[in-house]
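Please keep the structure open while I talk.

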Amino acid sequence: MTAQDYAVTVSEKDEPMAQGKFEPTWQSLSDYDVPEWFRNAKFGIWAHWGPQCVEGSGDWMARGMYQEGSGAYNHHVKNYGHPSEFGFKDILPLFKAERWNPDSLVAYYKELGAEYFFALGNHHDNFDLWDSKYQPWNSKNIGPHRDILAEWAAAAKKQGLPFGVSLHADHAWTWYEPAQRYDRNGSKIGVPYDGKLTKADGKGKWWEGLDPQQLYAQNHEMSQGSWADGMIHRQWAWGNGASMPSKEFVTNFYNRTLDVINRYNPDLLYFDVTAMPFYPISDCGLKIATHFYNHNMAKNKGKLTAVMFGKILTEEQRKALVWDVERGAPNEIVDDSWQSCSCIGGWHYNTGTYEKNRYKKASTIARLLVDIVSKNGNLLLSVPLRADGTFDEKEKAILDEFGAWMKVNRQAIIGTRPWKVFGEGPMAEKRINLNAQGFNEGAYNNLSAEDIRFTKKGSTVYAMPMGWPTDGKVLIRSMAGEKVKRVTLLGHGKLPFTRTSEGLRVTLPEKPLNNILPVLEIK
């Protein structure tokens, strides 16, 4: 596809694309090679945190608060006011980050075993969490009055962790469309929400001088079927009647993204998209990838260490990007490195998740990690923070338990590669399909001691039953015929074993070492 074939092309007037090895075509970008550091890393932590955490009503609250009758809408009206009078723009000053300490948080994440760290740069709410050149609605001007990304980046550098930034604001165009609506019931029936306000409407208000359209981007006709709340999922790749974004909007996202790359030099970039931002209607994503890779090589004396993710990728696209699977995993070894992004709760902080004890257990996180790594993947785990920049005590207890397990067993995870098979047992033999971007991790909730996953490092194989067997015995059928010199339980010591035609039989100690799962080192 050539430039003239794209419906919306970006302007490089303000942010020229870096020149170098790569050009903005899939063919050129397919020369990308995943850096070895990422293949070894296996585990990262993500602070998916911003002003949508203020109300504690969960992910996508800045959209949900404009959907009459939704939980987010009801919570907002009860606690903050009607969205015709008090919109999401008015939530922004309440995002204070008053207890946020990036140095201590990133140090803690590293202690848990994280090999890279991700921060949210902007979400679909279109608010930039840095001193943005191209978006006045940002965390330096409003709310914390701090350059969040700069502080995260400095903390990651201090801990020696590769730094990632996720950018989601490309979908604000369609995502915010409910802000154009109005109530269809009750005393405010027909009164428009604040999504159509302009700069002129701010006279005498706290936001005087700011243009709400630079936040909401709703000076356009709604997408086809926009009042049907689920329609946005069908239109995520800018088809099926999605409203076509303007050149100005697309270029603004391009400029903001290059601003992040040039100022903070991230090692990783994540977009919540099919393939790339605005693809296939625009060259925006291809130019971002090209700039990111060329910029990274220039900073690293010709060596490419950057990683950029995309979802629902074709075979050609997987050569140019690292495949990201949201809340899920394929049930097979994938030749190329890939990543699963998941969360111990919801993406944005949700007080309901806390109150109803709906966080993932430490054992669930460890099993997901082991299963993903056995298939050549990495796990990026989001830990929701409250608006003040802290996590709650239930999250802390889960992370501490996981971290204690990781400290003993990290050698079976970090720097490993898949063995000849990823696993054995009931779940390994099942057909578990992905749903769109992923969304199949629930299928792995029933992993048990009968399910075993494998990794390897040199001539050492690590076998990990997904629980402690009640009889203390492990039969590893995939080891039938393998020459075994020694079996060690990490954190304990050598174990007795026998080799039979059925496989390798190992006897575990009487008392489990933890509440998660054993890790066997097999020489």
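In this predicted model, R417 and E36 meet through their side chains in a salt bridge, with 2.9 Å from N to O. This pair links distant parts of the chain, the two residues being 381 residues apart. R417 sits in the loop between helix 16 (393-409) and strand 9 (423-424), while E36 belongs to helix 2 (residues 36-41). Is R417 buried or exposed? R417 counts as buried, because its relative accessibility is 16% and the cut-off for buried is under 20%. E36, at 44% relative accessibility, counts as partly exposed.

Next is a pair within one helix. R263 and D259 form a salt bridge, and their closest N and O atoms are 3.0 Å apart. Both lie in helix 11 (residues 247-264), and because they are four residues apart there, about one helical turn separates them. R263 is partly exposed, with 33% relative accessibility. D259 has a relative accessible area of 1%, so D259 is buried.

The next pair is K311 with D272, a salt bridge whose closest N and O atoms are 3.0 Å apart. K311 and D272 are both buried.

Salt bridges can also share partners: E12, D283 and K287 are joined in this way into one network.

As for the total, the count comes to 26 salt bridges.

Conventions
Residues are numbered from 1 along each chain as its sequence is written. This is a predicted model: local features need pLDDT of at least 70, side-chain atom pairs count only at pLDDT 80 or more; totals for chains, interfaces and linings use all residues. Side-chain values use heavy atoms; hydrogens and water are left out. A salt bridge is a side-chain nitrogen of Lys or Arg within 4 Å of a carboxyl oxygen of Asp or Glu. Buried means under 20% relative accessible area, exposed over 50%, partly exposed in between (1.4 Å probe, protein chains only).
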